[in-house]
Structures are given as structure tokens and as C-alpha cells.
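Please read the notes below alongside the structure. They are set out as numbered points for a colleague who has not seen it before.

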Amino acid sequence: MTKLHVNVQVRKYKTIAEQKQKNGTEGAGSTDEDDLQNGLDPHILDLQRDANRQISDLKFKLVKSEQEVTALEQSIIRLEGQVSRYKTSAEAAEKVEDELKVEKRKLQRELRSALDRIDELEASNSHLTKRLEKMKANRSALLAQQ
């Protein structure tokens, strides 16, 4: 049942109850015979009691529904706060991730540069070692000739 539907029913039953009270149909402690003598139908009194009971039930349901709505609104506020905090946290994590990616690319460039430099130095070292060996061989040959 929607809140609007409940409110419509409550108003309807209140109106019925008020009309019956104005007509003096609400007797306290009267018997069915007294009611018949006074022109009141016991069936109408039963209907009125039933209507009053339904009004009370609907009032209770209305209060309970309003409490549920309040609780749900508080939950929404709490969850919106959590979403905001998680969003802020996610944005910070994305910023850190981007910074780490930039740093990784920089380090990879430096590594490639260092590896290239190592290759150059190894080639130079190999060339210089061969030259040194040739020079030693030439020196040994010159010393042997003397």
C-alpha cells in the first residue's frame, strides 16, 4: 500500500467516524435492544467499530512507514557520505597510479640508456683489449728481434 493510498483511507474512515459521532451514533455501554429502540442498527455499530479499528491500524502503519522512511533517508545520507569518501579515495589512487606510470616510463628509458651505454662500453673494451693484445704481440716481436 502506498502512503497516498493509506492517507486516503485514513481520511475516509475519519470522515465516517466524525459523521457518526455528530449523529450521536456512538453510545457508551448501550445494548443492542437499546440501540434498536434509539434507532441504531447493531450492524452499523459493528461497521463503525471495524472502521475505528481499521483507522487505528492504518495510523499505526502510517507511523511505522514514516519511521521506515526516516531510517531509509538516514541510510541514504550515510551511503552518500561513503560514496563521496570512496570517490575521493579512488581519485587519489588514480593520481598515484598515473604518477607511478610516469616514473616507470622514466626508469625504463634510463634502463635502456644504461644498457645501451653498457653495450657501447663492452664493445669499446673488447676493441681496446684486442688493440692491447696486438701491441703486446708487437712489443714481444720487437723484443724478440733485438
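1. Which are the buried residues of α3? They are P42, L45, Q48, A51, I55, L58 and L62. Buried here means under 20% relative accessible area, exposed means over 50%, and partly exposed lies in between, with a 1.4 Å probe and protein chains only.

2. This is a predicted model, in which local features need pLDDT of at least 70 and side-chain atom pairs count only at pLDDT 80 or more, while totals for chains, interfaces and linings use all residues. Residues are numbered from 1 along each chain as its sequence is written, and side-chain values use heavy atoms, with hydrogens and water left out.

3. The protein has three helices and zero strands, and its pattern along the sequence is α-α-α. Helices (H or I, at least four residues) and strands (E, at least two) are DSSP runs, numbered from the N terminus.

4. Of the 146 residues, 10% count as buried. The protein exposes about 12600 Å², and carbon and sulfur atoms supply 54% of that area. Accessible areas come from the Shrake-Rupley method with a 1.4 Å probe; for residues, only the protein chains shown count as cover.

5. Helix α3 covers residues 42–145. It has 104 residues and reaches 149 Å from its first C-alpha to its last, close to the 154 Å expected at 1.5 Å a residue. The expected span is 1.5 Å times one less than the number of residues.

6. K59 lies in helix α3 and is partly exposed, at 40% relative accessibility. Its C-alpha atom is separated by 8.8 Å from that of N7, although K59 and N7 are 52 residues apart along the chain.

7. The structure holds four salt bridges, a salt bridge being a side-chain nitrogen of Lys or Arg within 4 Å of a carboxyl oxygen of Asp or Glu. In one of them, D46 pairs with R49, and the closest N and O atoms are 2.8 Å apart. D46 and R49 are three residues apart in helix α3, so about one helical turn separates them. D46 counts as partly exposed, at 43% relative accessibility.

8. Another salt bridge joins E97 to K101, with the closest N and O atoms 3.8 Å apart. These residues are four residues apart in helix α3, again separated by about one helical turn. E97 is partly exposed, with a relative accessible area of 40%, and K101 is partly exposed at 41%.

9. R117 forms a salt bridge with E120, the closest N and O atoms being 3.6 Å apart. Both lie in helix α3, three residues apart, or about one turn of the helix. R117 is partly exposed, at 47% relative accessible area. An α-helix has 3.6 residues a turn, so residues three or four places apart point the same way.

10. Which residues form a negative surface patch? They are E91, E94, D98 and E99. Patches are made of residues with over 30% relative accessible area and no salt bridge, like charges being joined within 9 Å. E99 is found in helix α3 and is partly exposed, with a relative accessible area of 47%.

11. A patch of positive charge on the surface gathers R105, K106, R109 and R112. Lys and Arg count as positive and Asp and Glu as negative; His and the chain ends are not counted. R109 is placed in helix α3 and counts as partly exposed, at 48% relative accessibility.

Terms used: Patches are made of residues with over 30% relative accessible area and no salt bridge: like charges are joined within 9 Å, nonpolar side chains (Val, Leu, Ile, Met, Phe, Trp, Tyr) within 5 Å. The place of a charge is taken as NZ of Lys, CZ of Arg, CG of Asp or CD of Glu.
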